[in-house]
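Subject: Structure for you to look at

Dear colleague,

I am handing over a structure that I would like you to open beside this message. Please look through it once by yourself, and then read on for what was found in it.

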Amino acid sequence: FHGNDTVTTAAFGSSISVTSGWLAVGAPGDSFDGYDVGLVYVYKTSSSSTTGYTLYKTLTPNSANTKGRVGGSVDITNGWLIAGDTTNGKLYSRVD
């Protein structure tokens, strides 16, 4: 199980949350637009996948020009995904 284009320094899987057919995986060392800001990979259950999940969406911070670590903590509850930034002490939330 891995994220798209993740590298060892991405820390993929350092935080996870599972609920009602959804899986969120934090990768606080992953990069976006050339900046190490962290990413959150969101998976949805799938009977056609060997792992039981397929990648639904990769969430990025609102601004890539910060040196954050989004995905250091993640939680899915009641239709909300909350991702913490362990470097800047910020919280990002998204709902789909």
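A residue to begin with is Tyr35, which lies in strand E4, made up of residues 35-36. Please keep in mind throughout that this is a predicted model. Tyr35 counts as partly exposed, because its relative accessibility is 40%. Although Tyr35 and Gly68 are 33 residues apart in sequence, their C-alpha atoms are 8.9 Å apart in space.

Next come the aromatic rings, for which a search of the whole structure finds two aromatic pairs. One of them is formed by Phe12 and Tyr41, whose ring centres are 5.5 Å apart and whose planes stand at 65°, an edge-to-face arrangement. Phe12 lies in the segment before strand E1 (15-19) while Tyr41 belongs to strand E5 (residues 39-45), so this pair ties together parts of the chain that are 29 residues apart in sequence. The two partners can also be described by their accessibility: Phe12 is partly exposed, with a relative accessible area of 23%, whereas Tyr41 is buried, with a value of 1%.

The rings of Trp22 and Tyr56 have centres 4.9 Å apart and planes at 80°, so this pair is edge-to-face. It links distant parts of the chain, since Trp22 sits in strand E2 (residues 22-27) and Tyr56 in strand E6 (residues 53-59), 34 residues apart. Trp22 counts as partly exposed at 26% relative accessibility, and Tyr56 counts as partly exposed at 37%.

Asp30 is buried and yet has no salt bridge, for the nearest side chain of opposite charge, that of Arg69, is 9.1 Å away. What the side chain of Asp30 does have is a polar contact of 2.6 Å with the side chain of Tyr41.

As background for the next part, nonpolar side chains tend to be buried together in soluble globular proteins. Here the largest nonpolar core has nine residues in all, namely Ala24, Val40, Val42, Leu59, Val70, Val74, Ile76, Leu81 and Ala83. At least two residues of this core come from each of E5, strand E7 (70-77) and strand E8 (80-85), and E7 gives the most, with three residues. Val74, one of the core members, is in touch with Ser15, Ile16, Ser17, Ala24, Gly26, Val40, Ile82 and Ala83, if residues up to four places away in sequence are not counted. Apart from this core lies another, of seven residues, which include Ala10, Val25, Tyr41 and Tyr43.

Ser46, in the loop between E5 and E6, is buried, with a relative accessible area of 16%. Leaving aside neighbours within four places in sequence, Ser46 is in contact with Gly52, Tyr53 and Thr54. Ser20, in the loop between E1 and E2, counts as exposed, because its relative accessibility is 71%. The backbone of Ser20 also deserves a look, as its phi is near 35°, a positive value in a residue other than glycine. For comparison, most residues other than glycine have a negative phi.

With best wishes

Definitions and conventions:
Residues numbered from 1 in each chain as written. Predicted model: local features only at pLDDT ≥ 70, side-chain atom pairs only at ≥ 80, totals over all residues. Heavy atoms only, no water. Phe/Tyr/Trp six-rings, centres within 6.5 Å; stacked < 30°, edge-to-face > 60°. Helix = DSSP H or I, 4+ residues; strand = E, 2+ residues; numbered from the N terminus. Buried < 20%, exposed > 50% of the residue type's maximum accessible area, 1.4 Å probe, protein only. Contact = heavy atoms within 4.5 Å. Lys, Arg positive; Asp, Glu negative; His and termini not counted. Salt bridge = Lys/Arg side-chain N within 4 Å of Asp/Glu carboxyl O. Polar contact = N/O pair within 3.5 Å; in protein donor to acceptor, adjacent residues only side chain to side chain. Core = buried A, V, L, I, M, F, W, Y, C linked by side-chain atoms within 4.5 Å.
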